[in-house]
Amino acid sequence: MTSTFFQRILILVLLAGCMAGLHAQEYKYEIGGMAGGAFYMGDVNKNAFFKGLNPAFGAVFRYNPNFRWAVKTNLMWGQVSGTTEGQQNVFPDHAQGSFSRSLIELGGQMEFNFFPYSDKFAYSNARRFTPYIFMGLGVTVAPGSGKTFAGPNIPLGVGLKYKVKNRINLGCEFSFRKLFGDGLDVTDDSNAFLDDPYHMKGSFLKNKDWYSFLLFTVTWDFGPRCRTCNNAKNIDNIQ
């Protein structure tokens, strides 16, 4: 085995790394912010979308292994509220109540892009715009003056991404958070009846509260791929 042989092997490995990089995002990571609204669905809001919309905002981080898939983590703050006033359904003993509380969420999701997402690599049919869907797992904590709610959630949602220019992404997404408890709307003794108001035994999935986010996002790409190949081709200035 000569040194020339090993040099050729090294060159082949570097070229293979470059070719793999061409089929991936030019940057591996995104970081940014999210802002929009949050609303609750439960005993005092059965099916009215965006009723009692309150502010929400947070931070987001993405890892993009390729054009189609992304792994996202988020830290969110939002406010949710509801009232029995104006409800058609009648609660036992004609009970009336309302609630308003803030919540904090830490979660992670897997995203699937319907189109290969990039503003480069047109030969791979990459596009700077794509709809996407996502699903994941998170934890919700909602402090209260009398009762604190805490538990896991399952986020399900859809969204749109648009790469405005190299390294800057805009997005909009709508999601549901499925909770595994019925106490998000119970903040103190005055509305304690909202925790299972009809005394109907529910399963692990039924008769539980939900909340939703409608969010606009701005993220910035970082972590260039295949830096050696880019330098070799004098395209290191894609920053």
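Mentor: Start with a polar contact. This is a predicted model. In it, the side chains of Tyr 132 and Glu 173 make a polar contact at 2.7 Å.

Trainee: Where is Tyr 132, and is Tyr 132 buried or exposed?

Mentor: Tyr 132 is in strand S5. Its relative accessibility is 2%. Buried means under 20%, so Tyr 132 counts as buried.

Trainee: Which residues does Tyr 132 touch?

Mentor: Leave aside neighbours within four places in sequence. The contacts of Tyr 132 then include Arg 62, Glu 111, Val 158, Lys 161 and Glu 173. Take Val 158: Tyr 132 is 26 residues from Val 158 in sequence, but 5.7 Å away in space, C-alpha to C-alpha.

Trainee: What makes Arg 62 a charge over the ring of Tyr 132?

Mentor: Arg 62 lies over the face of Tyr 132, at 5.8 Å from the ring centre. The distance limit is 6 Å, so 5.8 Å passes. Arg 127 is placed over the face of Phe 115, at 4.1 Å from the ring centre.

Trainee: Why are Arg 62 and Glu 111 called a salt bridge?

Mentor: In general, side chains of opposite charge can pair when their charged atoms come close. The rule asks for a side-chain nitrogen of Lys or Arg within 4 Å of a carboxyl oxygen of Asp or Glu. The closest N and O atoms of Arg 62 and Glu 111 are 2.8 Å apart, so the pair qualifies. The pair links distant parts of the chain: Arg 62 is in strand S2, Glu 111 in strand S4, and they are 49 residues apart.

Trainee: Which other salt bridges does Glu 111 form?

Mentor: One is with Lys 72, at 3.1 Å from N to O. Glu 111 is in strand S4 and Lys 72 in strand S3, so this pair ties together parts 39 residues apart in sequence. Another is with Lys 161, with the closest N and O atoms 3.0 Å apart. Here Glu 111 in S4 is linked to Lys 161 in strand S6, 50 residues away. Salt bridges with shared partners join Glu 30, Arg 62, Lys 72, Glu 111, Lys 161 and Glu 173 into one network.

Trainee: How do you know that Glu 111 and Lys 72 are buried?

Mentor: Glu 111 has a relative accessible area of 0%. Lys 72 has 1%. Both values are under 20%, so both residues are buried. Lys 161 is buried as well, and so is Arg 62.

Trainee: How do you know that strands S3 and S4 pair?

Mentor: Pairing needs at least two bridges. S3 and S4 have 15, in the antiparallel sense, so they pair. In S4, Ser 102 is the bridge partner of Gln 79. S4 also pairs with S5, again antiparallel, over ten bridges. There, Phe 112 has Ile 133 as its bridge partner in S5.

Trainee: Now the rings. Why is the Phe 39 and Phe 50 pair called tilted?

Mentor: The structure holds 19 aromatic pairs. Phe 39 and Phe 50 form one of them, at 5.2 Å centre to centre with 55° between the planes. Centres must lie within 6.5 Å, so 5.2 Å makes a pair. Stacked needs under 30 degrees and edge-to-face over 60, so 55° is tilted.

Trainee: Why is Phe 50 called partly exposed?

Mentor: Phe 50 has 39% relative accessibility. Buried is under 20% and exposed is over 50%, so 39% falls in between.

Trainee: What makes Phe 61 and Phe 222 an aromatic pair?

Mentor: Their centres are 6.4 Å apart, and the limit is 6.5 Å, so they pair. Phe 61 lies in strand S2 and Phe 222 in strand S8, so the pair ties together parts 161 residues apart in sequence.

Notes:
Residues are numbered from 1 along each chain as its sequence is written. This is a predicted model: local features need pLDDT of at least 70, side-chain atom pairs count only at pLDDT 80 or more; totals for chains, interfaces and linings use all residues. Side-chain values use heavy atoms; hydrogens and water are left out. Helices (H or I, at least four residues) and strands (E, at least two) are DSSP runs, numbered from the N terminus. Buried means under 20% relative accessible area, exposed over 50%, partly exposed in between (1.4 Å probe, protein chains only). Contact means heavy atoms within 4.5 Å. A polar contact is a pair of N or O atoms within 3.5 Å; within protein, one must be able to donate a hydrogen and the other to accept it, and residues adjacent in sequence count only if both atoms are side-chain atoms. Rings of Phe, Tyr and Trp (its six-membered ring) pair if their centres lie within 6.5 Å; planes under 30 degrees apart count as stacked, over 60 as edge-to-face and the rest as tilted. A charge sits over a ring if NZ of Lys or CZ of Arg is within 6 Å of the ring centre and within 35 degrees of the ring normal.
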